[in-house]
Amino acid sequence: MNDQALNETAFALETTNLSKRYGRKGWALQDATLRLPNGRVAALVGPNGAGKTTLLHLAVGLLNPTGGSVRVCGFDPDQQPKETLPRIGFVAQDHPLYKSFSVADMLTFGRKLNPRWDDDLALRRLQRLGIPLKRAVGKLSGGQQAQVALALALAKRPELLLLDEPIASLDPLARREFLRTLMEATAEGGLTVLLSSHIIADLERVCDYLIILSASRVQLAGEIDEILRRHKLLVGPRADPTAVASVHNIIEASHTPRQTTLLVRLNGVIFDPSWEVRDVSLEDIVLAYLGRPSVSEDTDAGRSALVASAKGSAS
Amino acid sequence: MIWVSSRQHRAETLVVTLVLAILAALLLKTGLDMASAYQQLGIGACLAETRRSQTCNTALYAFQGGFSFAISAIVWLNVLPALLGLFVGAPLLARELEQGTFRLAWTQSVPRLRWLEVKLALVLGVALLASAGLTALLTRWFSPLRQFGALYFPLTFDFEGTVPLAYAAYALTLAISAGALLRRVVPAMAVTIAGFVAARAPVELWLRPRYLPPITLTGDPGKVDAMVPKTDWALDNGWVDQMGHQVHTGAVLATCAPGQNSIDFQGAFAQCTHAHGWLMSITYQPADRFGLFRNIETAIFVALSVALVALTIWIVRRRIA
Amino acid sequence: MIEFHLESQSGVAPYLQIVQQVKQALRLDILRIGDQLPTVREVVEKLVINPNTVLKAYRELEHEGLITSRPGQGTFIARTLAGASLASHAALRRSLGRWLQSAREAGLDEESIQALFNATFRDTQAAEGEETA
């Protein structure tokens, strides 16, 4: 398959061995190397405290790296804020807004602080959602506040939109509406999205790229299609997994007296007919990675292979 | 950014403007009353008399009594810079940090240092302008009292020239930097009060009398006090013996003016002290130094303010997520 | 007009699900030549899915020659599936029906029939040396 229409030579977000340490509290992020191609809607998943917020804050220049580097649309967010900030849209956790401002005030806020500002776009969107312009932001529901925060970020006409747990505190209907707005914005083109979440359920339909962060390290990063293709569940009679492990990466293994189940990342074909090969849901893949103890040596090779395959066109 | 800053601090600005307006009105009213009373009672002529007549004493008594409340109330204006710091300075950064809205403000298209620069410039600019206006008003208000010499000295020093502006700048920058460091409004307010008092009190009470070494004159009562013009700032009044050792004032009074409420420095009292070899000692700062002192005190608080601004910039640049 | 649906937990990539649904609709005669497919925006708004998913699915179908996009007008069905619709495989359908009856008479329930079919299907796939999935 060729994705000619998507420009994969330019990356919206590039990190190289990105690390952040907080004084004596330890590493919030270690050696994160990522290449997020343009036009993707990427999910950043991991348990709380895994480093998702740290990664996002490093990308928008709210934090500066302890080690390594980060580039957003080609610029360094910490050293080149003037070039970076107009290109990004950011909604921090709990969608901070000025509670005493009216919705219209918030739009004025955005207009005054951003040279590239599409007021009409924001107005139309808010109108369609039925959000009253004169009401104080503090009086809106959680879902409406999230929509206002999103409208603000999108009205900046960013190239990269970063969202920190945008749907965590929303009820299911508000969640769906938020994602609908996000998808409609993406459909207009020219936008790359990175959103973090510790809930995986809603993300599969909305995202086409996945980054798994656990214990402050990147465990997996790549196109979701490719991940679904490369990860399979092998079910068969009770067996020693060494033969399989010599070729493929075993992510999770479980045994009963009569049966062995392996979740593997394939590095080729399964020839042994005693294994039944089943598809795995994205959620189960993520859970398997998150359930693993801290990263071991074999994943480095596997990880870079997956990142590399995500760079070129996948087939 | 001007719109954003003024909208963000709309509430505080309104309150401060209201307070200043009320203050200005009160000052105008009492100032005009005082000036006209001064004229009508002929205070100026009275003060010029070397030996006060009875009518003059009555007039002086009436004047000072009539306005003693206003004058003592003026002293409370010393808290104005602290209030400015509390209600405008403390929330400036602390509120954004406490509520997390800095993550919204600093990811628009304005880099955070520029955002800080503009806010600082706006807030300090407006505060200094308001201080200057108020100072001008107070300087006019004090003009009748200035004829009394240095009697009301600390007041006229604190509210004159560039000094009040320096106080305001200090209180503001202290509050803003406390907010940046502590990231919570209420603790920043506490630090502002403490820091303001901790600087103002020692400087005024201990440093100011010593900006230049004070002059000490000793001599017979009635002569030496005449040598110190009333415009000068008397720091200390005491008694020494021929060898320069201090003599307890209580002992002198008990010996030479027992049971008297007011002492005439001429006559019997002076003969008595002379007989005992006691000299009156006056330590003072001459009025021609006041300009220099004002400049020194201004410089102290401006230096503090500059250091605090630098601290704020450093904190915002490196230490906040 | 066809309406798509998405099974989140199926383990099948979302774009493939759309491709499969279009093909299935062609097989069942729900979609005919000249019918218009919903626009990317319409699908995105209805399903709340990634527009790239829809684009990828439509591109795949176009690659297989099943659909064609006319700029400014939309995306339309170009031809039916090779091997035509299920209607033209009447003989296969009949023999399958007979086999199913034998299986049921042999005592197999629905799940056993499916398991038997899947296992045999896989064996033939493996025998032809093709990649699974």
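**Domains, helix packing and a chain interface**

Mentor: The domain assignment of chain A gives domain 1 (11-214) and domain 2 (226-311); such bounds come from an automatic or database domain assignment. This is a predicted model, in which local features need pLDDT of at least 70 and side-chain atom pairs count only at pLDDT 80 or more, while totals for chains, interfaces and linings use all residues. Residues are numbered from 1 along each chain as its sequence is written, and chains are lettered from A in the order in which they are written.

Trainee: What makes the contact between domain 1 and domain 2 of chain A?

Mentor: Domain 1 of chain A supplies 10 residues and domain 2 of chain A supplies 8. Two residues are in contact if their C-beta atoms, placed from the backbone, lie within 7 Å. Strand S8 (residues 209-214) of chain A gives the most to the domain 1 side, with 3 residues. Strands (E, at least two residues) and helices (H or I, at least four) are DSSP runs, numbered from the N terminus. The centres of the two domains, taken over C-alpha atoms, are 32 Å apart.

Trainee: Why is H2(B) called roughly antiparallel to H5(B)?

Mentor: Helix H2 (residues 10-40) and helix H5 (residues 80-99) of chain B pack at about 165 degrees, with their axes 10 Å apart. Axes are lines fitted to C-alpha atoms, for helices over the stretch in contact, and angles run from 0 to 180 degrees between N-to-C directions. Angles under 35 degrees count as roughly parallel, over 145 as roughly antiparallel, 65 to 115 as roughly perpendicular and the rest as oblique. The angle of about 165 degrees therefore makes H2(B) roughly antiparallel to H5(B).

Trainee: Which residues make that contact, and how do they divide by class?

Mentor: H2(B) contributes B:Glu12, B:Val15 and B:Val16, and H5(B) contributes B:Phe87, B:Val88 and B:Pro91. The division is 5 nonpolar, no polar and 1 charged. Ala, Val, Leu, Ile, Met, Phe, Trp, Tyr, Cys and Pro count as nonpolar, Asp, Glu, Lys and Arg as charged, and the others, Gly among them, as polar.

Trainee: How many residues of chain C are in contact with chain A?

Mentor: 23 residues of chain C touch 23 residues of chain A. H2(C) gives the most to the chain C side, with 5 residues. That side has 13 nonpolar, 7 polar and 3 charged residues.

Trainee: Where does pLDDT stay under 50 in chain A?

Mentor: pLDDT is the predictor's confidence in each residue, from 0 to 100. Residues 1-9 of chain A stay under 50, with 13 contacts beyond four places in sequence. Residues 295-299 of chain A also stay under 50, with 4 such contacts. The mean for chain A is 86, and 90% of its residues reach 70 or more.
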